[in-house]
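Me: I have a structure open and would like to go through it with you. Can we take it piece by piece?
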Amino acid sequence: MQKIPATFFVNGDRYDLMIDTHALLLEVLRDDLGFKGVHESCGEGDCGACTVLVDGVAVLSCLTLAAAVRGKEIVTIEGLAKGSDLDPIQNAFVKHGAIQCGYCTPGMVMAAKNLLNENPHPSREEIKKGLAGNLCRCTGYNKIIEAVSDVAKGGK
Ligand code: FES
Ligand code: FES
């Protein structure tokens, strides 16, 4: 497979590496750079587990060619906490018990981040719509919606 040089800025750090032309962003983040918080589940764009931010916008890394996002700013779940200080969305997920098995959680939190960046004070319906692409088999969604709603209202 043909390799090409690539630079990525992930969670504020620069990475220069050679990637396969057909490598997915998910593969580069997990396998080449070690960001295992980017979860793979369906691999087909149906579940949202692999969601990351690229230049501030949520993308499904299982459907994104790494070559297409060379030079861009990527944020994964590992980039949200500052030391032991969790992001307000992470704190709210913990507070509301919005995490059970945790498999969906990184993608769900990144999707919530995207939603709150676009609309800092979403209604419950807007939260549901904003997170509709992210599936959770465990929580029944209510606790996740409550957590995001809490952040939108300024709760910690
Ligand atoms: S693993 Fe990417 S959407 Fe399911
Ligand atoms: S907490 Fe298990 S899939 Fe969401």
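Me: Which residue just after α1 takes a positive phi?
Reply: Gly-34 does, with a phi of about 80°. Keep in mind that this is a predicted model.

Me: Which residues of helix α1 are buried?
Reply: The helix covers residues 25-32, and its buried residues are Leu-25, Leu-26, Val-28 and Leu-29.

Me: And what covers the buried residues of α1?
Reply: The cover includes two strands, β2 (13-20) and β3 (51-54).

Me: Let's go to β2 then. How many bridges join β1 to β2?
Reply: Eight bridges join them. Strand β1 is residues 3-10, and the two strands run antiparallel.

Me: Which residue in β2 stands opposite Ala-6?
Reply: That is Leu-17.

Me: What do β1 and β2 form?
Reply: They form a hairpin, with two residues between the strands. Asn-11 sits in the turn and has a positive phi of about 50°.

Me: Stepping back, how many helices and strands are in the chain?
Reply: The chain has five helices and five strands. In sequence order the pattern is β-β-α-β-β-β-α-α-α-α.

Me: Which domains does the assignment give?
Reply: It gives domain 1, residues 3-79, and domain 2, residues 88-152.

Me: How far apart are the C-alpha centres of the two domains?
Reply: They lie 21 Å apart.

Me: How many residues are in contact between them?
Reply: On the domain 1 side there are 15 residues, in contact with 14 residues of domain 2. The elements giving two or more residues to that side of domain 1 are β3 and β4 (57-60). Of these, β3 gives the most, with three residues.

Me: What classes of residue does that side of domain 1 have?
Reply: Nine are nonpolar and six are polar, with no charged residues.

Me: New topic: size. What does the C-alpha trace span?
Reply: About 45 × 30 × 25 Å along the principal axes.

Me: How does the radius of gyration compare with that of a compact globule?
Reply: The two agree, because a compact globule of 156 residues would have a radius of gyration near 15 Å and the chain has 15 Å.

Me: What share of the chain is buried?
Reply: Buried residues make up 40% of the 156 residues.

Me: Last one. What share of the contacts with a separation of 6 or more is between residues 24 or more positions apart?
Reply: Such pairs account for 57% of those contacts in the chain.

Technical notes. Residues numbered from 1 in each chain as written. Chains lettered and ligands numbered in written order. Predicted model: local features only at pLDDT ≥ 70, side-chain atom pairs only at ≥ 80, totals over all residues. Buried ≥ 20, exposed ≤ 12 C-beta atoms within 10 Å, placed from the backbone. Helix = DSSP H or I, 4+ residues; strand = E, 2+ residues; numbered from the N terminus. Contact = placed C-beta atoms within 7 Å. Rg over C-alpha atoms; globule rule 2.2 N^0.38 Å. Domains from an automatic or database assignment. Nonpolar A, V, L, I, M, F, W, Y, C, P; charged D, E, K, R; others polar. Pairing = 2+ DSSP bridges.
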